[in-house]
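Me: I would like to go through some assignments in a model and see what each one rests on. Here is the entry.

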Amino acid sequence: MTLNIKTHLLFFITLLSTLIISCTKGDDLQGYTGENKIVLLNDNAAFMQDNGTDELLVNVYLVNRVTEDITLEFALENHIVNLQPIVVIENPIITFKAGEKKGVLKIKSTSRQLLNSEHKVTLKIIKNSSTLPLDKDYNFYVTPIKKTQELTDKQIELLDGYKRKGLDLYPLMGEIEVETTINFPGDSNLQTMYKAYTSVIKGYTSITLSDKSTPDTPILKMTSNPMGIESYLYQLFRLETIDDLEYWTQYPSAQKIMSLINLSSTTKEIFEVELDDIKIDLSSRQITYIHYDKNEWGNDINTIPFQFKYSAWDRLQKLIDEGNPLAIENIEMGGSVDPSMYINQTNITHDDFDNNGEGAWKETTAKLADNKLNFQFIISHANAGDYILFNVEYKLK
């Protein structure tokens, strides 16, 4: 299904010209009045992945301000699996100064591939310096991720062949530690993306030998958390869609699609990313991973070939395939929830933003050494003013 992009843009521009944006968001708790108490809420879906990197922010509210300081200490219940904590609270103690009403707890995933099924964890208060009651315990869920697959006999045969030819790829197989530096340029059309920033993400990527490999051409496939940025790409995609309270969620076609497939910022969804076609030259060790394709406008582009799986898009795609007129009409009006419509749709072999050499564009590169594998690449997103730059380092076993 190809979107009617001109129609999309026309509706989007019309929406931009008529919306009045609220630039501030207070700390008042909507929907609670009367008795003062402690309330735990989350702005997004109460789910985390068992991937060792995910974070969940839980807002701690007081219904009414108080005149004296209050200290609360939180703990997790049912967060130990096979004698190993799957999540921890990074800041378990929250202190409200007199007059304050909101604090934030950060819960972080600490295990990886430990779970085989969804696991419920409960957040509780274990110490409270006040007499204020807790409205109710906060429950969230940790979901499993794909397990690393054992190498097949064919893959082992190919790997042994590459090793005989002088290239040992066994250190790249399995769960490989990754550290990724992200340089976000800011200058976006959305308030949530105005500011530039640099951040560092640490985690693991599941790497195997692609089915496209031949005896003369090894090809790597990243089956989980490619380049260390699976969670980051999900956050970026959400900011473009269900977490965009300025425009996208106010867009009539998006609202109809969300209703049609029962999608909101708090519904549980699966978001997974894979990266195939990372080719290595046996003799030179030169790596190529740029992929030629066409974007939704029908233009030729060269990009990093990330492949996205998003459960909400699967539901919508099913309705489109069945000929559902409401789905077809509103996706053509700009209500798509296909991640590839919002991420990675700009050519990266030259500067498509035309910043005259002063922007974020960098050449896409890769280098394989004896003890590490490095990548440098860029991607764009739908509301971008420039490219996001990623520098990735894998430490080999």
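This is a predicted model: local features need pLDDT of at least 70, side-chain atom pairs count only at pLDDT 80 or more; totals for chains, interfaces and linings use all residues.

Me: What makes the contact of Asp243 with Arg238 a salt bridge?

Reply: The closest N and O atoms of Asp243 and Arg238 are 2.8 Å apart. The rule asks for a side-chain nitrogen of Lys or Arg within 4 Å of a carboxyl oxygen of Asp or Glu, so the pair qualifies as a salt bridge. By this rule the count comes to 18 salt bridges.

Me: Which residues are linked in a network of salt bridges?

Reply: Such a network links Lys146, Lys221 and Glu274.

Me: How do you know that the salt bridge of Lys37 with Asp135 meets the distance rule?

Reply: Their closest N and O atoms are 3.1 Å apart, and the limit is 4 Å. Lys37 lies in the loop between α1 and β1, and Asp135 in the loop between β10 and β11, so the pair ties together parts that are 98 residues apart in sequence.

Me: What links Glu175 and Arg112?

Reply: Their side chains meet in a salt bridge, at 2.4 Å from N to O. Glu175 is in strand β12 and Arg112 in the loop between β9 and β10, 63 residues apart, and the pair links these distant parts of the chain. Arg112, at 17% relative accessibility, counts as buried, whereas Glu175, with 22%, is partly exposed.

Me: How do you know that the span of helix α2 agrees with its number of residues?

Reply: α2 has twelve residues, 153-164, which should span 16 Å at 1.5 Å a residue. The end C-alpha atoms are 17 Å apart, which agrees.

Me: Which residues of α2 are buried, and why are they said to line one face?

Reply: The buried residues of α2 are Gln155, Leu158, Leu159, Gly161 and Tyr162. Seen down the helix axis, they fall within an arc of 160 degrees, so they line one face. What covers them includes β13. On the other side of α2, Asp153, Glu157 and Arg164 are exposed.

Me: What follows α2?

Reply: Gly166 follows α2, with a positive phi near 100 degrees.

Technical notes. Residues are numbered from 1 along each chain as its sequence is written. Side-chain values use heavy atoms; hydrogens and water are left out. Helices (H or I, at least four residues) and strands (E, at least two) are DSSP runs, numbered from the N terminus. The expected span of a helix is 1.5 Å times one less than its number of residues. Buried means under 20% relative accessible area, exposed over 50%, partly exposed in between (1.4 Å probe, protein chains only). The arc is that of the directions from the helix axis to the C-beta atoms. Contact means heavy atoms within 4.5 Å.
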